[in-house]
Amino acid sequence: MPKIHVLDHPLIQHKVTYIRDINTGTKEFRELVDEVATLMAYEITRNLPLTQKEIETPIGKGMSGVLAGKKLGIVPILRAGLGMVEGILNLIPAAKVGHVGLYRDPETLQPVEYYVKLPSDVSERELILVDPMLATGGSAIDAVHALKKRGAKNIRFMCLIAAPEGVKAMTDAHPDVDIYTAALDEKLDEKGYIIPGLGDAGDRLFGTK
Ligand code: PRP
Ligand code: URA
């Protein structure tokens, strides 16, 4: 069974509160999303395997941990997922970045795929799929299908805000994908927006409304 992890670190919660605020403008919104993505990446990488390496300090020799060479990949769902990439790369600069382009048809709420470009060794990578919002779950579910179709085996999904409807749909469709979110909100409205959520993530990030 996939697990839903609500990352309740106080700094994450504090920043998400300001991300949600209607009075937070585009510049500040972008900066906060970037910062929260870094903090979330810090939390979700806490189980990365380490290997011991011989070191020599000015005082003497010893052993110390280094990352055990796990290959990571970050895959934003376009467009709003882009806002989380730099924040993760701050911590994991060697990660490769793929892209999945999807938008949600405003009438049907169904995702429409328009672009997929992934690292060539995607099947060997541990992937973090990122999108600020998990609403109906349609976009994330299709994005995971797009990754699996191209060989991905190890996928985690990271978002800022999830709705229970999206968590259930994602859990049913992809029981192997763990979900990491900063907040699990109440429900969706009749247009598929998360209540209270933060509004339209792409529009707020790119100033398109
Ligand atoms: C938003 C958001 C997710 C999707 C979530 O993108 O960034 O990708 O909606 O909704 P769902 O869980 O119901 O599929 P949108 O479709 O607005 O596209 P955009 O990023 O291009 O603005
Ligand atoms: N997409 C968004 O950007 N916001 C929502 O609340 C739901 C889907």
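**Ligand 1 and its surroundings in a predicted model**

A backbone N or O atom of Gly 137 lies 2.8 Å from an oxygen atom of ligand 1, a polar contact being a pair of N or O atoms within 3.5 Å. The structure is a predicted model in which local features need pLDDT of at least 70 and side-chain atom pairs count only at pLDDT 80 or more, whereas totals for chains, interfaces and linings use all residues. Residues are numbered from 1 along each chain as its sequence is written, and side-chain values use heavy atoms, with hydrogens and water left out.

Contacts of ligand 1

- A polar side-chain atom of Asp 131 is placed 2.4 Å from an oxygen atom of ligand 1, and an N or O atom in the side chain of Ser 139 is 2.6 Å from an oxygen atom of ligand 1.
- The protein covers 90% of the 500 Å² of accessible area that ligand 1 has on its own, as computed by the Shrake-Rupley method with a 1.4 Å probe.

Shell of ligand 1

- Around ligand 1 there are 14 residues, of which Arg 104, Asp 131, Thr 136, Gly 137 and Ser 139 come nearest; a residue is near if one of its heavy atoms lies within 4 Å.
- The shell divides into 6 nonpolar, 5 polar and 3 charged residues, with Asp, Glu, Lys and Arg counted as charged, Ala, Val, Leu, Ile, Met, Phe, Trp, Tyr, Cys and Pro as nonpolar, and the others, Gly among them, as polar.

Salt bridges

- The whole structure holds 13 salt bridges, each a side-chain nitrogen of Lys or Arg within 4 Å of a carboxyl oxygen of Asp or Glu.
- One of the pairs is Glu 35 with Lys 15, whose closest N and O atoms are 2.7 Å apart.

Terms used:
Chains are lettered from A and ligands numbered from 1 in the order in which they are written. A polar contact is a pair of N or O atoms within 3.5 Å; within protein, one must be able to donate a hydrogen and the other to accept it, and residues adjacent in sequence count only if both atoms are side-chain atoms.
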